[in-house]
Amino acid sequence: MTHPPIAYTSTRGRIRGQGFEDVLLAGLAADGGLFVPEAWPSLGIDALRALDGVPYADTAAAVMAPFTAGCFDEAELRDMARDAYAGFAHPATAPLKQLDHDTWLMELFHGPTLAFKDFALQLLGRMFDRVLERRGERITIVGATSGDTGSAAIHATRGRDNVRIAILHPHGRTSEVQRRQMTCVADANVLNVAVKGDFDDCQALVKALFVDEPFRDSMRLAAINSINWARVMAQAAYYVHAALRLGGLERPVSFAVPTGNFGDVYAGHVASRLGLPLGRLLVATNRNDILARFLDDGVYAARRVDPTMSPSMDIQVASNFERLLFETGGCDGDATAAMMQGFKENRRLAVEGEALRRIQSAFVGAAVDEDETARTIRDAYARMGELLDPHTAVGVAAASRRRADLPGPVVCLATAHPAKFPDAVKKAAGVAPPRPVRLDAMLEGDERMVVLDNDLDALKALLIERLGTP
Ligand SMILES: *Cc1c(COP(=O)(O)O)cnc(C)c1O
């Protein structure tokens, strides 16, 4: 199917009429906003019905094609998606497993780094490479990580011709598994920097690189951050795929989504805007519950981040949430900009009336504390022999508590493999999760990283020396 090209606008309204290619490479809009489609494309019920029984990669290509028109057509997307998902360890890519008579687990952890972020990043690495090849350009991706995102980005870009990547992590402060997932990579286009400092120091260094315009331009710096539209779009595919498997065109299907930055659950909303009839989206948070509180009373108020056993959901501010605010506020960029400015000043914003009711009809929230998470891991193992990672357990616990608010069968997203969090799982379930062979293989070999003082000039010199200018 061919689709007309669509234009993207920033949620802050100052940047409009961008094509998919601009949005892919820019990540964040220059006015500080996030990109969203100016008008939502629709797949239509017949096109969705035609995807019933279609393999995952081909479904993904059909779901993404309306959003990439003008840059990639469906055939190109199919090539990239088949190639990306061929590297997943399960032939179904995103298999569904039945938990009880009407609850399902969607396993999103069969990618190279055992977490759902591989779904989007494996594809993004290929999209970047293709676009840059066409333009005859090369870029340098720089990012800071406290663990998981860095390894997913490295495994998405290793060995690619037109992309070099440097990932900063706090020296000695990530787990051994997390570190080795990043450092046991031999490709010359990958540089790991262990900064003598904490995660905030790493992030400050990356920010300083990006605001140094001459350096940024000469190195062609780019980011693969969690607000890139292409990541959200790529994740919409598994909502469509799962719903079709469960008869989602004849009855509503709901999803329980372990949530941090609101990217994954917003992808479910994108699937719904595309035409998929959805039940409800359950926003499951750990005790960092800003979104669950918002969905109860419309007040979005930041507190201190509280560390939990589901660290990828330990957030204070959910960056993708701005996309929903923009949409429910009538797609008014100035109003969204003012709202976000108010939030920056007061750490608080509020949505009321009809706008809040619309949000609450599509989303419901639940916060799950550490005890309930551990209990859920233990129960799932005792009752079904199923080992859940702590993030997944938050979603399963929330789904069981809010079952009455979730029409139809419920699909709980399993966002990470339990072997990524062996200590928490063993403590809760009493047994350690078996380590998949591919994880062992990934952690073998020599580590490659440079330990560096928390020093911007030293970092710049290192990047030039190791990666060169484009
Ligand atoms: C990133 C992550 C999440 C949260 O996803 P968001 O898109 O930030 O809401 C949940 N679980 C795991 C394992 C993750 O890595």
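This is a predicted model: local features need pLDDT of at least 70, side-chain atom pairs count only at pLDDT 80 or more; totals for chains, interfaces and linings use all residues.
Let me begin with H110, which lies in the loop between β4 (103-107) and α5, where helices (H or I, at least four residues) and strands (E, at least two) are DSSP runs, numbered from the N terminus. Residues are numbered from 1 along each chain as its sequence is written, and side-chain values use heavy atoms, with hydrogens and water left out.

H110 has a relative accessible area of 10% and is therefore buried; by that word I mean under 20% relative accessible area, with exposed meaning over 50% and partly exposed in between (1.4 Å probe, protein chains only). Its side chain makes a polar contact of 2.8 Å with the side chain of E107, a polar contact being a pair of N or O atoms within 3.5 Å, where within protein one must be able to donate a hydrogen and the other to accept it, and where residues adjacent in sequence count only if both atoms are side-chain atoms. If we leave aside the neighbours within four places in sequence, H110 is in contact (heavy atoms within 4.5 Å) with F88, A89, H90, T93, P95 and R438.

The loop between β4 and α5 also holds L114, which has a positive phi of about 65° although it is not a glycine. L114 is buried, with a relative accessible area of 0%.

Which residues does N162 contact, once its neighbours within four places in sequence are left aside? They are D129, L132, E133, E137, R138 and I139. N162 itself sits in the loop between α6 (148-157) and β6 (163-170), and at 9% relative accessibility it counts as buried.

Let me turn to the ligand. Of the 14 residues around it, K117, G260, N261, D264 and T415 come nearest, a residue being counted as near when one of its heavy atoms lies within 4 Å. By class, this shell has 5 nonpolar, 7 polar and 2 charged residues, with Ala, Val, Leu, Ile, Met, Phe, Trp, Tyr, Cys and Pro taken as nonpolar, Asp, Glu, Lys and Arg as charged, and the others, Gly among them, as polar.

Taken alone the ligand exposes 380 Å², and the protein buries 95% of that, by the Shrake-Rupley method with a 1.4 Å probe.

Next comes helix α10, residues 229-245, which has 17 residues and reaches 26 Å from its first C-alpha to its last, close to the 24 Å expected at 1.5 Å a residue. Because 16 of its 17 residues are buried, α10 is largely enclosed by the rest of the structure. At its start, a side-chain oxygen of N228 reaches to within 3.0 Å of the backbone nitrogen of A230, and just after the helix G247 takes a positive phi of about 75°.

R347 is found between α14 (333-346) and β12 (348-350), is partly exposed with a relative accessible area of 34%, and has a phi near 60°, a positive value in a residue other than glycine.

D369 is placed in the loop between β13 (363-367) and α16 (370-384), and at 38% relative accessibility it counts as partly exposed. The side chain of D369 reaches the backbone nitrogen of D371 at 3.2 Å.

G408, finally, lies in the loop between α17 (390-401) and β14 (410-414) and is partly exposed at 26% relative accessibility. The C-alpha atoms of G408 and G279 are separated by 6.6 Å, although these residues are 129 residues apart along the chain.

Conventions
The expected span of a helix is 1.5 Å times one less than its number of residues.
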